[in-house]
Amino acid sequence: MLHITDDITLQDWEMTESFVRSSGPGGQNVNKVSTAVELRFEAARSPSLPDPVKSRLKRLAGRRWTKEGAIIIQCDETRSQARNREIARARLAELITRALVKPKRRIATKPTYGSVKRRLAAKKARSDVKTLRGKVAED
């Protein structure tokens with residue numbers, strides 16, 4: 001089980017881990033030991049996550065989200081299989097924690113009367129400067 005918050009805990013059946021050979025550090029070990037981890041979390045089928053969190057999670061996961069609704073996280077940073085597993089689980093927990101935060105609604109505001117006047121006055125002044133740079137008309 002993976003504890004995200006007090007309310008959300010992911011069950012073991014929702015996650016599958018497979019270990020593959022790593023391309024990272026490891027010396028001669030890299031050709032013999034499968035240290036890289038590929039963590040697959042069935043997010044779309046998860047009863048632990050509410051629907052709004054799932055939709056935010058899909059947006060945050062980006063290309064790590066599969067067509068079947070699973071999130072795939074890969075880690076081959078260290079030489080240790082156990083440490084790579086911990087890192088992948090931590091990344092998943094951090095991703096879900098970010099999806100739990102509901103974004104604030106933006107409230108459209110209107111510029112103040114004074115700021116509009118200042119902006120237009122500055123534009124007029126700039127226009128006058130550019131006009132004066134032009135050719136002098138011969139009378």
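The place of a charge is NZ of Lys, CZ of Arg, CG of Asp or CD of Glu. On that basis the chain carries 31 positive and 16 negative charges, and their mean positions lie 9 Å apart.

The model is predicted: local features need pLDDT of at least 70, side-chain atom pairs count only at pLDDT 80 or more, and totals for chains, interfaces and linings use all residues. Residues are numbered from 1 along each chain as its sequence is written, and side-chain values use heavy atoms, without hydrogens and water.

The chain has three helices and five strands, in the order β-β-β-β-α-β-α-α from the N terminus. These are DSSP runs numbered from the N terminus, helices being H or I of at least four residues and strands E of at least two.

In overall dimensions, the C-alpha trace spans about 90 × 40 × 25 Å along its principal axes. The radius of gyration is 27 Å, whereas a compact globule of 139 residues would have one near 14 Å; the value is taken over C-alpha atoms, and the globule rule is 2.2 Å times the number of residues to the power 0.38.

Of the 139 residues, 29% are buried, meaning under 20% relative accessible area with a 1.4 Å probe, protein chains only. Strand E4, residues 36-41, runs antiparallel to E5 and is joined to it by five bridges; Leu39 has Ile73 of E5 as its bridge partner. Strands pair if DSSP finds at least two bridges between them.

How values were computed
Buried < 20%, exposed > 50% of the residue type's maximum accessible area, 1.4 Å probe, protein only. Lys, Arg positive; Asp, Glu negative; His and termini not counted.
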